[in-house]
Amino acid sequence: MSQLPSQSGTSAASEYSPTEREILLQLAHRAIHARLQRTELDLRAPTTHLAQERGAFTTLHRNGNLRGCIGYVLPVASLYRTIAETATAAAFDDPRFEPVTPAEVPDLKVEISVMSPLFPIRPEEIEIGKHGLLVTLDRHRGLLLPQVPVEHEWDRETFLSETCRKAWLPPDAWRHGVQLEAFTAEVFSE
């Protein structure tokens, strides 16, 4: 997987400290274990920073392959709760995959993408590796995280087309009146 600058180490652009990142990565694993064991987690955030409401996605990989990815586009709960809920949903509720089995859990690697607020963007303003995209037309919505076009080596037009496909729209729908919004994300993984 290609590494974005915000993924490695701590840079001036990092909002979350190495300790906070580790807390969230471990929380994702604990949430998956709790669901398998049918136990409850204490989802009170350990810090005021992690108690802030933020949109976020949790992506699971197993043996280098995508195993699940679920997130909240809008901030609906504390980041701490959001990571627990999205990790569990990525493991057990992503409709593209069968639920994670206990045998798979030791091989799961977690990647977290904490989203900025959404903002309108024009196609020519999109920067590969910096912006994630949300395409909306009527009831159709498609979202791709900033790291996706980097991983697939897409150019801007391909990124726009693939985001439209994710929304179950024609690939060129971005040229014809869709609502186009962008976000940035602080992305970190194990």
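A contact means heavy atoms within 4.5 Å. This is a predicted model, in which local features need pLDDT of at least 70, side-chain atom pairs count only at pLDDT 80 or more, and totals for chains, interfaces and linings use all residues. Residues are numbered from 1 along each chain as its sequence is written, and side-chain values use heavy atoms, with hydrogens and water left out.

**Exercise 1. Find which residues Asp-107 touches, leaving out those up to four places away in sequence.**

Step 1. Asp-107 sits in the loop between H2 and E3; helices (H or I, at least four residues) and strands (E, at least two) are DSSP runs, numbered from the N terminus.
Step 2. The C-alpha atoms of Asp-107 and Gly-64 are separated by 9.6 Å, at 43 residues apart along the chain.
Step 3. Relative accessible area classifies a residue as buried (under 20%), exposed (over 50%) or partly exposed (in between), using a 1.4 Å probe and protein chains only. Asp-107 has 32%, so it is partly exposed.

**Exercise 2. Check the span of helix H1 (residues 18-37) against its number of residues.**

Step 1. The expected span of a helix is 1.5 Å times one less than its number of residues.
Step 2. For the 20 residues of H1 this gives 28 Å, and the end C-alpha atoms are 28 Å apart, so the two agree.
Step 3. After H1 comes Arg-38, with a positive phi near 55°.

**Exercise 3. Describe how H1 and H2 pack.**

Step 1. Their axes are 8 Å apart and meet at an angle of about 50°. Axes are lines fitted to C-alpha atoms, for helices over the stretch in contact, and angles run from 0 to 180 degrees between N-to-C directions.
Step 2. Angles under 35 degrees count as roughly parallel, over 145 as roughly antiparallel, 65 to 115 as roughly perpendicular and the rest as oblique. H1 and H2 are therefore oblique to each other.
Step 3. Among the residues that make the contact are Ile-23 and Leu-27 of H1 and Ile-83 and Phe-92 of H2.

**Exercise 4. Decide how far H2 is enclosed.**

Step 1. H2 has 14 residues and spans 20 Å from first to last C-alpha, close to the 20 Å expected at 1.5 Å a residue.
Step 2. Twelve of the 14 are buried, so H2 is largely enclosed by the rest of the structure.
Step 3. The buried residues of H2 pack against H1, E1, strand E2 (65-72) and E3.

**Exercise 5. Locate Glu-153 and Trp-168, and give their phi values.**

Step 1. Glu-153 is in the loop between helix H3 (147-152) and helix H4 (156-166), with a positive phi near 55°.
Step 2. Trp-168 is in the loop between H4 and strand E7 (179-183), with a positive phi of about 60°.
Step 3. Glu-153 counts as exposed at 74% relative accessibility, and Trp-168 counts as exposed at 75%.
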